[in-house]
Amino acid sequence: GCPRRLWMPHPWRHSRPGWMWLWAAWAAGCPGHSMIGHIALAGALEVKWETLLVGKKELSDSSLTPGYEGWWWADLLLSSAGVQIHERTSVSHVSVQKGRVTGVETDRGHIKCQYFVNCAGQWAYELGHSGEEPVNIPLHACEHFYLLTHPLKEPLANNVPTVVDPDGRIYIRNWQGGILSGGFEKNPKPLFTEGRNQLEIHNLQEDWDHFEPLLSSLLRRMPNLEALQIMQLVNCPESFTPDMRCIMGESPTVRGYFVLAGMNSAGISYGGGAGKYLAEWMVNGYPSENVWPLDLKRFGTLQSSRTFLRHRVMEVMPLMCDLKVPRWDFQTGRQLRTSPLYDRLDAQGARWMEKHGFERVKYFVPPGKDLLDLDQSKTFYKPDWFDIVGSEVKCCKEAVCVIDMSSFTKFEISSTGDQALQSLQYLFSNDLDVPVGHVVHTGMLNENGGYENDCSIARLSKRSFFMISPTDQQVHCWAWLKNHLPEDSNLTIEDVTWKYTALNLIGPRAVDVLSELSYAPMTPEHFPSFFCKEMSVGYANGIRVMSITHTGEPGFMLYIPIEYALHVYNEVMNMGQKYGIRNAGYYALRSLRIEKFFAFWGQDLDAFTTPMECGREFQVKLEKGMEFVGQEALLEQKQNGVYKRFTMFILEDHDTDMDLWPWWGEPIFRNGRYVGKTTSSAYSYTLERHVCLGFVQHLDEKTGEELVVTTDFINQGEYEIDIAGQRFQAKAKLYPFSSLFAQRRRKDEVELSGYQRE
């Protein structure tokens with residue numbers, strides 16, 4: 001476990017007069033009200049906030065209610081902008097023409113509009129499915145209980161801090177001079193699974209037996225509460241999402257249809273910031289901050305199953321109070337999307353994680369290892385899988401490994417003429433007018449030069465392209481392409497993710513395995529880097545083989561029609577036995593890519609990161625003969641410089657065995673001043689050090705103004721990475737270690753004895 005837990009204020013939380021986390025691992029006194037008991041309390045943390053002032057009204061969490069806040073803003077709008085508000089008006093469906101919102105049908109008639117925002121809370125799911133073109137909004141309601149008391153003899157003041165006790169799974173705050181206390185029980189009760197939702201908001205039946213564990217926690221924390229008079233036990237619906245994060249953004253299927261729902265019991269605190277970013281999204285086309293973790297397009301249709309949602313929210317609600325260790329995984333809604341090789345890999349000791357509903361291998365447990373002990377390992381320190389992943393990495397570097405990467409998003413774009421080439425040249429920053437059979441790594445950028453997608457594109461023919469993107473890009477990338485490609489019947493785009501199983505064959509012996517299976521020379525002279533060719537592997541024909549591995553190590557990606565997947569995998573494993581082949585997982589892939597300074601979209605890259613800021617200028621062709629999206633912004637950065645730089649950090653005084661590990665999000669300090677945070681990190685088994693990747697900014701020490709980040713600024717600083725309050729010295733690098741790319745050993749230099757399969 002972690003010796004401390006830091007609650008960082010979220011930028012959306014517009015007011016916290018005093019927010020207190022009580023955690024059994026702290027050794028500090030308990031600030032706050034005298035009613036808070038010290039029984040079983042080892043410590044507390046108080047985070048003080050200034051109360052938000054809006055106009056002439058003062059809002060604070062201790063007195064704010066959704067109704068008050070909503071009507072206060074409504075009154076403000078009515079008095080200034082002529083906004084019309086229709087109460088007790090039901091919406092039957094949203095009208096759509098040519099994929100765009102045109103109006104809303106209500107019981108009072110039709111309302112024309114260009115934009116529609118689904119803020120229907122627990123009804124958002126049903127409302128989304130009621131339209132002419134359904135919009136999937138994956139959320140599900142659970143019963144949520146909280147207790148109200150009559151005012152104290154000496155009513156509590158508005159500035160009494162809100163108390164959150166994660167160990168007891170409760171929260172406590174002032175309510176009209178008394179106490180409001182609720183919580184998130186371990187056994188939540190889902191609602192409306194059959195689709196029969198409430199017609200309007202009203203409370204549900206009391207259930208004191210169900211509330212009893214939370215009440216016991218409350219009495220332990222506030223023993224004097226026994227003397228208070230209880231007013232009511234409230235039971236009301238509260239909606240939760242599959243990943244505990246709210247849902248916002250534009251629908252991937254209907255333009256002008258926006259969503260803001262699924263607040264996971266944090267609607268009041270999120271309201272101001274969420275509304276701000278959604279308004280920016282509607283007016284400007286994008287918010288002012290990266291909100292991808294909250295974007296509706298992070299979900300696909302697969303997360304909208306009622307059964308899936310019912311089971312998932314029963315897991316999500318208890319997690320609201322649980323300490324989530326790095327790389328934890330949801331246990332419900334699993335085995336939903338699997339590779340054809342799932343059973344084969346599972347039988348060989350695969351341990352699984354989930355990405356966009358797809359099962360992916362973390363690592364393979366060798367025979368004789370205690371599986372139960374390994375699966376239950378939860379720590380912020382050195383994990384129990386350390387040596388397992390290390391052996392997989394070593395095999396990738398010295399022999400050959402196979403990683404199933406079937407979850408990657410895959411599209412085919414083709415045309416009858418040159419429409420496909422011209423459209424992709426406009427949407428992507430690199431030059432795609434390359435000879436047939438070549439693979440190009442490129443970014444799909446927005447107008448500000450930020451990454452909407454980071455992908456590899458193979459030119460299959462003069463009029464056909466094969467695009468490979470990160471797993472969680474499936475919905476987002478599809479929507480972006482559909483919205484930006486011209487409406488041309490001669491231009492087609494197809495999602496072929498499900499058609500191909502992808503095997504990553506990594507290591508210096510990969511060339512030997514593939515050469516013997518295909519009866520074709522696979523050496524760099526015959527099959528150069530970033531090359532693609534359809535080949536026969538074993539008995540199977542039409543296998544798309546690419547000389548890339550996404551790790552910097554030698555090897556090949558094999559895109560196999562799913563009906564051939566098991567045959568090709570068996571052939572590869574059988575042929576590879578004499579070369580020391582073994583299975584590997586994504587943890588090994590992560591270690592390899594981070595030590596090579598490879599950035600991944602969704603972790604290191606996002607819509608606010610440009611190629612110029614992360615050292616990918618070589619993937620941008622500013623002079624490719626035609627304009628492309630984001631070109632103007634990149635030209636400006638090339639001329640004026642950038643205000644943040646993607647940097648690699650190697651921890652120098654960090655003890656891997658004894659110290660807390662960096663995982664991501666750690667503060668970066670330069671000469672004692674905060675300059676950024678890490679975006680990803682991993683242990684490098686080659687360097688025998690932890691490697692962190694992150695962005696460094698240059699802020700004026702007096703004014704805080706952003707300044708251009710130069711190479712000298714990076715190289716001349718002394719750096720530290722803060723891990724849970726302890727700083728470790730780090731060496732900064734703007735380029736990877738060249739020696740890590742020189743691991744292509746000759747056959748006679750590779751010792752195979754340590755890699756033979758057991």
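Which residue in β22 is the bridge partner of K410? The legends below give the answer.

**Figure 1. The whole chain of a predicted model.** Residues are numbered from 1 along each chain as its sequence is written. In this predicted model, local features need pLDDT of at least 70 and side-chain atom pairs count only at pLDDT 80 or more, while totals for chains, interfaces and linings use all residues; side-chain values use heavy atoms, without hydrogens and water. The chain has 15 helices and 35 strands (DSSP runs numbered from the N terminus: helices are H or I with at least four residues, strands are E with at least two). Of its 758 residues, 55% are buried, meaning under 20% relative accessible area with a 1.4 Å probe, protein chains only.

**Figure 2. An open sheet of five strands.** The strand order is β20-β21-β22-β19-β23, and the pairing is antiparallel (two strands pair if DSSP finds at least two bridges between them). Strands β20 (439-445) and β23 (491-495) each have a single partner strand, so one side of each has no neighbour in the sheet.

**Figure 3. The pairing of β19 with β22.** Strand β19 (residues 409-415) runs antiparallel to β22 (residues 464-469), and six bridges join them. The bridge partner of K410 in β22 is I468.

**Figure 4. Helices α9 and α10 across the sheet strands.** Helix α9 (residues 419-427) lies across β19, β20, β21 (451-461), β22 and β23, at about 130 degrees to β19. Helix α10 (residues 474-484) lies across β19, β20, β21, β22 and β23, at about 175 degrees to β23. Angles run from 0 to 180 degrees between N-to-C directions, with axes fitted to C-alpha atoms, for helices over the stretch in contact (heavy atoms within 4.5 Å).

How values were computed. Buried means under 20% relative accessible area, exposed over 50%, partly exposed in between (1.4 Å probe, protein chains only).
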